[in-house]
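Notebook open, model loaded. I want to go through the aromatic residues and then check a few other spots.

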Amino acid sequence: MRRRKAEIRKIADFLAQRQEIERAAAVDAVKGKWDKPAEAGWDWNYILLGDFNIISPEHGTMAALEDAGFTVATKPHRTNLGSNMHYDQIAYRAAHPGFEVRKSGVFSMLDHVYRDVDASHYVEVAKIAKLTENGRTGTRAKAYFKQYYRRQQLSDHKLLWAEIYIDYSHEYLQAVIDET
């Protein structure tokens with residue numbers, strides 16, 4: 001667990017520091033050209049997503065993300081197929097004040113592909129060798145399909161998604177107008 005927290009903290013700290021370096025470089029690059037130099041670097045919003053093996057929202061594995069200034073998109077989601085763990089997350093560190101995560105969620109792909117009700121088809125009709133090797137037949141083959149086969153074909157985690165508002169065209173156009 002110590003190693004896991006250290007890995008999360010290291011990547012989150014690295015990206016947080018990089019964002020600060022890029023923001024400072026952008027400010028230096030535009031000094032004297034904009035009325036509000038603090039607006040430089042608005043495009044350096046960082047999104048960090050992946051399988052962090054987060055134990056729970058209260059655990060130190062989540063704190064490793066949040067301590068570096070990252071915010072978990074909307075709410076922590078349960079992403080393993082059993083829906084009892086928070087392994088995968090989408091976190092962000094916004095530079096632009098208008099950056100907004102409006103919604104996020106989990107897509108349970110096994111409700112649509114390789115469904116439980118499809119086990120008979122893959123075992124009996126498609127006759128996929130992996131399902132029936134080593135003497136697996138009938139119920140045993142279907143159990144293997146549900147427990148192992150489809151996870152190897154897709155993923156052992158559900159898919160995350162997020163709706164992020166990043167339209168800053170009004171601010172950009174206003175800056176162009178102000179310059180003319």
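Predicted model: local features only at pLDDT ≥ 70, side-chain atom pairs only at ≥ 80, totals over all residues.

Entry two. I looked up how buried tyrosine 149 is: its relative accessible area is 7%, which is under 20%, so I log tyrosine 149 as buried. Phenylalanine 145 and tyrosine 149 make a stacked aromatic pair, with 6.1 Å centre to centre and 25 degrees between the planes.

How many aromatic pairs does the count give? I get 7 aromatic pairs. One of them is tyrosine 114 with tyrosine 149: the ring centres are 6.0 Å apart and the planes stand at 85 degrees, so I write this pair down as edge-to-face. The pair links distant parts of the chain, since tyrosine 114 is in the loop between E4 and helix H3 (119-125) while tyrosine 149 is in helix H5 (residues 138-153), 35 residues apart. Tyrosine 114 is at 15% relative accessibility, so it goes down as buried too.

The charged end of arginine 136 sits over the ring of tyrosine 144, at 3.6 Å from the ring centre.

On to the surface. Phe107, Leu159 and Trp161 form a nonpolar patch there, and together they have about 280 Å² of accessible area. Phenylalanine 107 belongs to strand E4 (residues 100-107). With a relative accessible area of 36%, phenylalanine 107 is partly exposed.

Is histidine 86 buried or exposed? Histidine 86 comes out at 7% relative accessibility, so I call it buried. I found histidine 86 in the loop between strand E2 (71-72) and strand E3 (88-93). Leaving out residues up to four places away in sequence, histidine 86 touches Ile54, Ile55, Ser56, Pro57, Pro76, His77, Arg78 and Thr79.

Last stop, glycine 50, in strand E1 (residues 46-51). Glycine 50 has a relative accessible area of 23%, so I note it as partly exposed. With residues up to four places away in sequence left out, glycine 50 touches Tyr87, Asp88 and Gln89. I also took the C-alpha to C-alpha distance from glycine 50 to isoleucine 90: 6.8 Å in space, against 40 residues in sequence.

Note on methods:
Residues numbered from 1 in each chain as written. Heavy atoms only, no water. Helix = DSSP H or I, 4+ residues; strand = E, 2+ residues; numbered from the N terminus. Buried < 20%, exposed > 50% of the residue type's maximum accessible area, 1.4 Å probe, protein only. Contact = heavy atoms within 4.5 Å. Patch = residues over 30% accessible without salt bridge, like charges linked within 9 Å, V, L, I, M, F, W, Y side chains within 5 Å. Areas by Shrake-Rupley, 256 points an atom, 1.4 Å probe, with all protein chains shown as cover. Salt bridge = Lys/Arg side-chain N within 4 Å of Asp/Glu carboxyl O. Phe/Tyr/Trp six-rings, centres within 6.5 Å; stacked < 30°, edge-to-face > 60°. Lys NZ or Arg CZ within 6 Å of the ring centre and 35° of its normal.
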